[in-house]
Amino acid sequence: MEKLLDVRDLRTYFYTYRGVVKALNGVYLTIKDGEVVGLVGETGSGKSVTARSIMRLIDPPGRIVGGNVFFEGRDLLKLSDREMTKIRGRKISMIFQEPIIALNPVLTIRTQIIETIMANRDVSVNEAEEIALELLEAVGLPNPKMIMKRYPFELSGGMAQRVFIAMAISANPRLLIADEPTSSLDVTIQAQILDLLNRLMEEGRISSMLYITHDLGVAAELCHRIAVMYGGRVIEFASTEEIFKEPLHPYTRSLLKAIPRLGYYDELYTIPGRVPDLVNPPSGCMFHPRCPYMKDVCKKEIPEYVEIDNSHYVACHFAGVKDVR
Amino acid sequence: MKILDKWLMEHKYKIQDVKLMMNMIRESFLAKLGLTIITMFILTAIFAPFIATQDPLMQDLTNRFQPPSLEHPFGTDHLGRDIFSRVVYGSRISLMMGITVTLILFTIGTTLGLIAGFFGGAVDEIIMRITDIIMAFPSLILAIAVAAALGPSLLNTMIAIAIVGWPRYARLARANCMQVKNELYIEAARAIGVSNLRLIFSHIFPMIISPLIVQATINLGGVILLAAGLGFLGLGAQPPTPEWGLMVSEGRRFISRQWWISGFPGLAILLVALGFNLLGDALRDILDVRMRR
Amino acid sequence: MNIAAYIIRRIIFMLFVLLGVLIITFIVSHVIPADPIGAILGPQAPPELIEKINREWGFDKPLYVQFILYVKNLMHGNLGKCIRTNNPVLKDIIIRYPATIELATTALIFSLIIGIPSGIISALKRNKLIDHFIRIFSISGLSMPVFWLGLMLLYVFYFRLGILPGPGRLDLGLTPPPRVTGLYTIDSLIAGRLDLFINTLRHLIMPGFVLGFGAAGSIARLTRASMLEVMRQEYVKAARAKGLIERVVIMRHILRNALITPVTVIGLIYGGLLEGSVLTETIFAWPGLGRYATGVFLFLDFQAVMGVTLFIAIIYSFANLIVDIIYAYIDPRIRYG
């Protein structure tokens, strides 16, 4: 399979009053055509910033300071703003964590969905209206005509997310970036949205997807491969099977232990320590203060991101050494 | 080769870092500009006798209406007085008024605000309703009314501005006081029998002073501007005092030809008010950022 | 809470504030001058006039009785008499306020035309040179002594260049149009006098600009802040992510939301302009309420002082009331909160 998206050494910094927040410190990530990749990590690990950097939606004081984002062979970071506008919505589209605030509060759903369709497809208003109705139906919204007249605050979170998904798939993009699309929703609604995404993939309305979540369990259900982020880097990237069967990074192992199993919430394992401060990050491997297997070298040198086994990437000094633990 | 590449990579990021940091420093350019103006204003006021070239009150009727020249950088007025020297001495009056009024405002406002916030109930209700009324009223008109009723003089101008200005401080002090008063250490102090008065002034007041000082800085430009406006209307300082607002008003009769008589004193008012407003703006931004984080 | 209840509550609050204003001005104008009648009438007042005023306003009675008498007279529309013009105060006010309204409205238009685009550009070009420039300009607006700006512009544009007319509402020698609204711009059009209309407009330019300059600064700052706030919102990012071109993102998604705030404070700004007209009218010999107010204040003409103060307070409070109501309509949180 060919690489649809190839992110290399992506670095995004935020220049705040506190200092420079190095949100991304060299992210590597690939997505093949037709594949669903999960991007997993704690809050503040850089998942959302990665998604927004790929879309080039970083606002000041943030800036993408280095790296490449190859999409269909072209480096998105080198495109003009005008060319990038043609990528967004047509080739890559995105759905957001909080659908209600991602919809403009003073415009009707009709205005927002039709402007999206007309921005990305060469159709008239009437055609766009028909497409919109068909899409709203396809994402499982009853009575699309009513929905079109509503304002965002008149919708529930689940309905708003469905509207957003309808807009995102309206131009049949090659890649859909889903930035924690269910984490602001009720548990039952979360399951419905996941079902919807699965169904849309089966129907071929979504071809490839980057699914961002802090929940390894959800990622396992949906994704072919999983990338684990920590401190602004991808520290392990492998097929879902391998991540679960043979995790190589100590952080991934801790995450697996932390997955809540039904009935065991009380004994939930949490990873000791805190998420690293990205203004003054720890020296060497960023995970070393929390790592149970920490050695001297971990404090001094940043581990390189390397391919250990066939397509199993990891950034840890002792990834290949099995007997450290 | 690999080492060189690595070096270049690392330093490329560093170079970009420095450039962006510079941009951020330039962001506070306005604050630095404001601070510079204020410093110059205060220095001028302190060293007025050394900067002025003449006695600000000295008349020289043979030298009336001189346009700006080397000898008289800002020209002379209808009585032949050197405008530069008058503007320099005027800075003392402006600074004195600004500081005095701010101190009065600060004292009255903070005291009433603390009392309202600390005791609550009917006292709070009365004080807050008075602030409502004063703040619902256009401040310039009220200040003119009060100043006129008291009779024109520098002192009365200051009283008038203080009367219209204290509610802002009172509200700020009250809001902060209510936050602080339920803190544990205040409760503890109360439990060991510290008197209310001591509690307010030696325990609560120090905790809430910094936002009030910021408020005072933000407000100083407005105070100086209002004072100059009252001076212009003849409600403040009386001739021959070199008060800037009054000087603008004196030059008004000659505006068709001798623009400098009004021009330079007014420019001084603008600059000083600008200085305080620039600094105040930046302070507010920084506070805002601190609150957001 | 529904909107009607909200409005009623606000009106009650407004009446309460007005009563407070009345009491404060009453105290200021009665207690502080040692001899109110002397201050009003001057030393050469004829005894029968003193007698008449004493009877009408009860100066020999205790203060609270005087206050009740004043309120009683007020209820009958009797604001007393202005000593300087020898007219009933209410009549003086009615004659003069259209001039002030015309000036303040011009100033508002100027300030919106200058302030809103400046604020938008400033926010879109944040931290660029033009942003710094506009910010200095808008802070200068707040720092500007309007009386000085007025004099300087008069010097340059009237005395030196002669391209704009001097003080007053019309050139000397021109007769105002027959009064219908009291606004010369409208009355001249009603009378079909285009020349008067143009002359009036030309006379409005300088004082309107001077008065509007400070407000332009506030509006620019407000617009900039509001724009930056909206630009941070998730829906703006989402709009870009949907593939909309930048022009549409700005026009439809940013501006539309960002301009709500400046629009809601127009009433408040208008109140500020009415207040600022005191100094501007003095400079430009504008026969409006502001100039009348300074005149009666300086002479402690107390009935006129009370009348003008009350009138301005009413307008000011109405402006605030209207703002709050508009805001309640726009922001559902206030409506339902």
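Start in chain B: H2(B) gives the most to a nonpolar surface patch, 3 residues. Helices and strands here are DSSP runs numbered from the N terminus (H or I, at least four residues, for helices; E, at least two, for strands). The model is predicted: local features need pLDDT of at least 70, side-chain atom pairs count only at pLDDT 80 or more, and totals for chains, interfaces and linings use all residues. Residues are numbered from 1 along each chain as its sequence is written, chains are lettered from A in the order in which they are written, and side-chain values use heavy atoms, with hydrogens and water left out.

**Stop 1: the patch on chain B**

Select Ile42(B), Leu43(B), Ile46(B), Phe47(B), Phe50(B) and Ile51(B). Together they make the nonpolar patch, about 570 Å². Helix H2 (29–46) and helix H3 (48–51) of chain B each give two or more residues to it. Patch residues have over 30% relative accessible area and no salt bridge; nonpolar side chains (Val, Leu, Ile, Met, Phe, Trp, Tyr) are joined within 5 Å, like charges within 9 Å.

Now pick Phe50(B), in helix H3 of chain B. Is Phe50(B) buried or exposed? Phe50(B) is exposed, because its relative accessible area is 69%. The cut-offs: buried is under 20%, exposed over 50%, partly exposed in between (1.4 Å probe, protein chains only).

**Stop 2: where chain B meets chain C**

Show both chains. In chain B, 48 residues are in contact with 43 residues of chain C. Contact means heavy atoms within 4.5 Å. About 4,300 Å² is buried between the two chains, and carbon and sulfur atoms give 77% of that. This buried area is the accessible area (1.4 Å probe) lost on putting two parts together, summed over both.

Look for salt bridges between chain B and chain C: the count is 0. Such a bridge needs a side-chain nitrogen of Lys or Arg within 4 Å of a carboxyl oxygen of Asp or Glu.

Which helix gives the most to the side of chain B that touches chain C? Select H11(B), which gives 15 residues.

**Stop 3: chain C and its helix H14**

Chain C has 16 helices and 0 strands. Of its 337 residues, 54% count as buried.

Select residues 289–298 of chain C, helix H14. This helix is mostly covered, with 8 of its 10 residues buried. Among them are Leu289(C), Tyr292(C), Val296(C) and Phe297(C). Finish at Leu300(C), which follows H14(C) and has a positive phi, near 50°.

Technical notes. Accessible areas come from the Shrake-Rupley method with a 1.4 Å probe; for residues, only the protein chains shown count as cover.
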